[in-house]
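Take a look at this protein before reading on. The report below walks through its layout and one annotated site.

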Amino acid sequence: MYLRHQTRPVQVGNVTIGGSNDVIIQSMCTTKTADVQATVAEIHRLEEAGCQIVRVTVNNQEAAEAIKDIKEQISIPLVADIHFDYRLALKAIENGIDKVRINPGNIGRREKVEAVVKACKERGIPIRIGVNAGSLENHLLEKYGYPTPEAMVESALFHIGILEELDFHDIIVSLKASDVPMAIAAYTKAAEVIPYPLHLGITEAGTLFSGTVKSAAGLGALLAMGIGSTVRVSISADPVEEVKVARELLKSFGLITNAATLVSCPTCGRLDIDLFSIANEVEEYISKLKVPIKVSVLGCAVNGPGEAREADIGIAGARGEGLLFRYGEMIRKVPEQELVSELKKEIDYIVTEYERT
Ligand code: SF4
């Protein structure tokens with residue numbers, strides 16, 4: 001377990017971000033928010049994949065109105081993404097939103113900021129300040145010349161200052177950049193001076209493949225330093241993929257305890273079974289499990305048994321068959337064509353046992 005950077009805990013609906021709590025996985029809907037049916041369906045898919053907080057854009061009055069109906073049909077906290085229009089923020093708050101993503105310095109006149117902060121305070125709704133390297137305030141671009149980690153942190157402190165002046169402290173902060181070193185530097189500096197939870201993200205990271213690698217590089221570096229209370233992976237793909245990437249990333253650091261892990265070998269000339277298909281099928285099968293079991297799928301009986309013994313359940317391939325291991329003990333040999341079905345049965349058995357204890 002990595003030593004986590006301590007922050008003030010902030011309540012978002014029934015989820016706490018920061019403090020000593022788990023790192024929370026977020027995603028964002030790709031649907032038109034006003035299309036309640038499509039949005040709710042996407043949120044249900046995200047929740048099933050392991051998403052714990054979901055954000056929707058609130059870019060018009062119809063979207064703000066839809067919040068009420070969406071909230072009635074989902075169980076994870078809902079966040080409204082608002083850019084400048086404080087009236088949309090007020091409407092989303094009135095309709096039961098759990099968090100608002102808005103930069104107070106962009107709202108405009110003081111009384112508009114006060115109205116949003118007052119409404120959030122009354123309902124215990126936090127505000128996420130979202131600093132983005134691509135949209136820094138003009139006074140910072142004039143000062144620094146171009147986006148820098150220092151300018152990003154100064155932007156965050158500028159918005160935080162506005163909220164603190166109004167005695168508002170339920171704050172979460174993100175400092176996103178698509179440039180990985182810049183994002184790492186910005187978050188590292190922010191963690192030194194900002195007592196609020198940090199929402200990690202590498203923005204506009206790219207497609208499923210490149211975005212996954214980029215996000216893992218940036219978010220992984222930060223998580224390894226104990227920085228970050230919540231993550232959103234941003235990739236140009238089905239948002240369910242964002243959640244899957246985030247879960248895998250957090251699992252790599254031992255930061256979630258409700259997920260199954262697959263260990264599989266890269267294969268080599270010793271391989272005698274169709275390991276790639278088996279590994280992919282098993283990965284898909286365990287992806288929705290909410291128990292911390294370890295499953296290993298290894299190609300041969302040379303290194304396989306040793307690794308399989310480390311897992312709760314595992315197989316090691318042999319010519320036309322496989323050895324099945326449970327808690328380090330070889331329990332039986334299985335013909336290759338029955339390997340996956342037998343492994344799934346054993347996984348189900350272990351999951352049932354785990355849930356019973
Ligand atoms: Fe090769 Fe066997 Fe190692 Fe897989 S487990 S990489 S097949 S030696």
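What follows covers overall shape, domains and one cysteine.

This is a predicted model: local features need pLDDT of at least 70, side-chain atom pairs count only at pLDDT 80 or more, and totals for chains, interfaces and linings use all residues. Residues are numbered from 1 along each chain as its sequence is written.

The protein has 12 helices and 15 strands. Both are DSSP runs, numbered from the N terminus: helices are H or I with at least four residues, strands are E with at least two. Its C-alpha atoms fill a box of roughly 75 × 45 × 35 Å along the principal axes. Of its 357 residues, 45% count as buried. Buried means 20 or more other C-beta atoms within 10 Å of the residue's own, with C-beta atoms placed from the backbone.

The protein splits into two domains, with bounds from an automatic or database domain assignment.

| Domain | Residues |
|---|---|
| domain 1 | 10-252 |
| domain 2 | 261-356 |

The C-alpha centres of domain 1 and domain 2 lie 38 Å apart.

An unreviewed UniProt entry lists Cys 265, Cys 268, Cys 300 and Glu 307 under "binding site". Such annotations may be inferred rather than shown by experiment. Where is Cys 300 placed? Cys 300 sits in the loop between strand 12 (294-298) and helix 11 (304-310). Cys 300 counts as buried because 22 other C-beta atoms lie within 10 Å. Leaving out residues up to four places away in sequence, Cys 300 touches Arg 270, Leu 271, Asp 272, Ala 316, Gly 317 and Ala 318. Contact here means C-beta atoms, placed from the backbone, within 7 Å.

Notes: Buried ≥ 20, exposed ≤ 12 C-beta atoms within 10 Å, placed from the backbone. Contact = placed C-beta atoms within 7 Å.
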